Amino acid sequence: MFESIDKGQEKKKVKEVKTFPVPLPSEEIEENFTINSNKQAKISKEKIINQAIEYHLKGNILEAAKYYKYFINQGFKNHLVYANYGAILQDLGNLKEAELSTRKAIGLNPTYAVAHSNLGNILKDLNKLDEAEIYTRRAIELNPDYYK
């Protein structure tokens, strides 16, 4: 038995839900499923990232963090998401998680200078000065104009 709630009304009990199978050749089912699944996954990834960045740019950091974390928890991988999430975590004082997220960003894109610079700052805040210097120098090597 299912219960549904309509606005302004009490719960209604639904005793039975009927479904009707529609036979399709198995090849067609697999083809349609694959196409729809890939398209849907791509769309939802883009929507999640765009929403996270929109919140981040508007200064709504907690909402941005929720979307970044949701993206990551879905198993999606994007160096910008990990780097941005790491920066938010650093600003919130969660340095250990910030370090992990930023290292993940670097693992996904080893030439992303911003992530190297951010990790250098995080490591400095953690008082890991020798390692902080290495990542800061690497950021400069990757993009000398970044610090101008």
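Helices (H or I, at least four residues) and strands (E, at least two) are DSSP runs, numbered from the N terminus. The model shown is predicted, so local features need pLDDT of at least 70, side-chain atom pairs count only at pLDDT 80 or more, and totals for chains, interfaces and linings use all residues. Residues are numbered from 1 along each chain as its sequence is written, and side-chain values use heavy atoms, with hydrogens and water left out.

**View 1. The whole chain.** Along the sequence the pattern is β-β-α-α-α-α-α-α, with 6 helices and 2 strands. Of the 148 residues, 26% count as buried (under 20% relative accessible area; exposed is over 50% and partly exposed is in between, with a 1.4 Å probe and protein chains only). The accessible surface, by the Shrake-Rupley method with a 1.4 Å probe, comes to about 10800 Å², and 54% of this belongs to carbon and sulfur atoms. Among contacts (heavy atoms within 4.5 Å) between residues at least 6 apart in sequence, 38% join residues at least 24 apart.

**View 2. The largest nonpolar core.** A nonpolar core is a set of buried Ala, Val, Leu, Ile, Met, Phe, Trp, Tyr and Cys residues joined through side-chain atoms within 4.5 Å. The largest one has 25 residues, of which Tyr-68, Phe-71, Val-81, Tyr-85 and Ala-115 touch the most other members. Two or more residues come from each of α1 (26-57), α2 (61-73), α3 (79-91), α4 (95-108), α5 (113-125) and α6 (129-142). Helix α3 gives the most, with 6 residues.

**View 3. Surroundings of Tyr-85.** Leaving aside residues up to four places away in sequence, Tyr-85 touches Ala-65, Tyr-68, Lys-69, Ile-72, Glu-97 and Ser-101.

**View 4. Helix α4 and Glu-99.** The end C-alpha atoms of α4 are 20 Å apart, which agrees with the 20 Å that its 14 residues should span at 1.5 Å a residue (the expected span is 1.5 Å times one less than the number of residues). Its buried residues are Leu-95, Ala-98, Glu-99, Ser-101, Thr-102, Ala-105 and Ile-106, and they pack against α3, α5 and α6. Glu-99 counts as buried because its relative accessible area is 9%. Not counting residues up to four places away in sequence, Glu-99 touches Leu-119, Ile-122, Leu-123, Leu-126 and Lys-128.

**View 5. A nonpolar surface patch.** Ile-140, Tyr-146 and Tyr-147 make a patch of about 260 Å². Ile-140 lies in helix α6 and counts as partly exposed because its relative accessibility is 39%. Patch residues have over 30% relative accessible area and no salt bridge; like charges are joined within 9 Å, and nonpolar side chains (Val, Leu, Ile, Met, Phe, Trp, Tyr) within 5 Å. A salt bridge is a side-chain nitrogen of Lys or Arg within 4 Å of a carboxyl oxygen of Asp or Glu.
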